[in-house]
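Colleague: Please show me the model. I would like to ask about its pocket, its ring pairs and its ligand.

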Amino acid sequence: MKTTSDKTKIAIFASGSGSNAEAIIRYFNSSADAPGQVALVVTNRADAGVVERARRLGVAVATLTRSELNDAAVMLPLMERHGIEIIALAGFLMMIPPFLIERYDGRMVNIHPSLLPKYGGKGMYGRHVHEAVVGARETETGITIHLVSERYDEGAILLQARVGLSPTDTPADVAAKVHELEHHHYPRLLASLCLRRSH
Ligand code: GRF
């Protein structure tokens with residue numbers, strides 16, 4: 001059995017409902033031998049669903065203003081206090097400051113709800129992505145998990161997974177299919193990053 005101190009500590013940054021955060025927390029909590037543990041959820045919105053989910057699951061939450069997020073003297077000690085080695089972005093809607101990207105170079109990942117480079121870039125988040133996919137009559141969509149570089153959606157791709165669409169799928173149907181993929185793959189990809197760190 002791994003003790004808490006053996007486990008790679010993960011911080012999840014999220015601004016929304018937090019279904020990915022919940023899937024990741026549950027995945028790592030489900031086995032004593034899991035190589036990692038979610039030690040902190042960071043959000044910019046005190047009323048986001050992710051706050052309630054994290055609290056219910058017993059994970060510490062830090063709610064930060066934009067200026068706190070952009071302040072190295074706030075962020076770096078916060079990450080250090082929780083022993084954070086990996087940062088997972090899951091629907092976090094603020095720009096990550098360069099000092100944090102640099103500090104977590106190769107250890108910060110984002111999940112995007114499309115097959116990048118399709119439907120990436122400015123304004124392409126949440127339902128906007130799924131509406132565009134339906135509007136273009138795509139026959140498939142998927143998810144992309146990538147490293148975070150200073151050009152947001154352009155870091156090295158670590159994993160893509162796809163799902164077929166039917167012509168009658170609405171944006172909400174597409175979102176549900178994509179969430180299913182995300183909840184399966186994101187925790188597992190993070191586990192493989194944790195294992196790489198402990199070897
Ligand atoms: C996910 O679809 C993720 O790909 C995107 O934001 C959404 C967050 O959903 N970046 P949730 O808050 O985890 O339910």
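**Pocket, rings and ligand**

Modeller: By class, 14 nonpolar, 15 polar and 6 charged residues line the largest pocket. Here Ala, Val, Leu, Ile, Met, Phe, Trp, Tyr, Cys and Pro are nonpolar, Asp, Glu, Lys and Arg are charged, and the others, Gly among them, are polar. This is a predicted model: local features need pLDDT of at least 70, side-chain atom pairs need 80 or more, and totals for chains, interfaces and linings use all residues. Numbering runs from 1 along each chain as its sequence is written, and side-chain values use heavy atoms, without hydrogens and water.

Colleague: What volume does the largest pocket have?

Modeller: First, the term. On a 1 Å grid over the protein atoms alone, a pocket is an open set of points where a 1.4 Å probe fits, with protein on both sides within 12 Å along at least five of seven lines; lining residues have an atom within 4 Å of a point. Points are joined across faces, edges and corners, and the volume is the space filled by probe spheres set on them. For the largest pocket that gives about 880 Å³.

Colleague: Which element supplies the largest share of the lining of the largest pocket?

Modeller: Helices (H or I, at least four residues) and strands (E, at least two) are DSSP runs, numbered from the N terminus. α1, α3, β5, α6 and α7 each supply at least two lining residues. The largest share, 4 residues, comes from α7.

Colleague: Why is the pair of F13 and F92 edge-to-face?

Modeller: Rings of Phe, Tyr and Trp (its six-membered ring) pair if their centres lie within 6.5 Å; planes under 30 degrees apart are stacked, over 60 edge-to-face, the rest tilted. The search finds 2 aromatic pairs. The centres of F13 and F92 are 5.3 Å apart, and the pair is edge-to-face because the planes stand at 75 degrees.

Colleague: Is F28 buried or exposed?

Modeller: F28 pairs with Y27, with ring centres 5.4 Å apart and planes at 85 degrees. Buried means under 20% relative accessible area, exposed over 50%, partly exposed in between (1.4 Å probe, protein chains only). Y27 has 28% and is partly exposed. F28 has 2%, so F28 is buried.

Colleague: Which residue has a side-chain N or O atom 2.3 Å from an oxygen atom of the ligand?

Modeller: A polar contact is a pair of N or O atoms within 3.5 Å; within protein, one must be able to donate a hydrogen and the other to accept it, and residues adjacent in sequence count only if both atoms are side-chain atoms. H179 has a polar side-chain atom 3.2 Å from a ligand oxygen. At 2.3 Å, the residue is E182.
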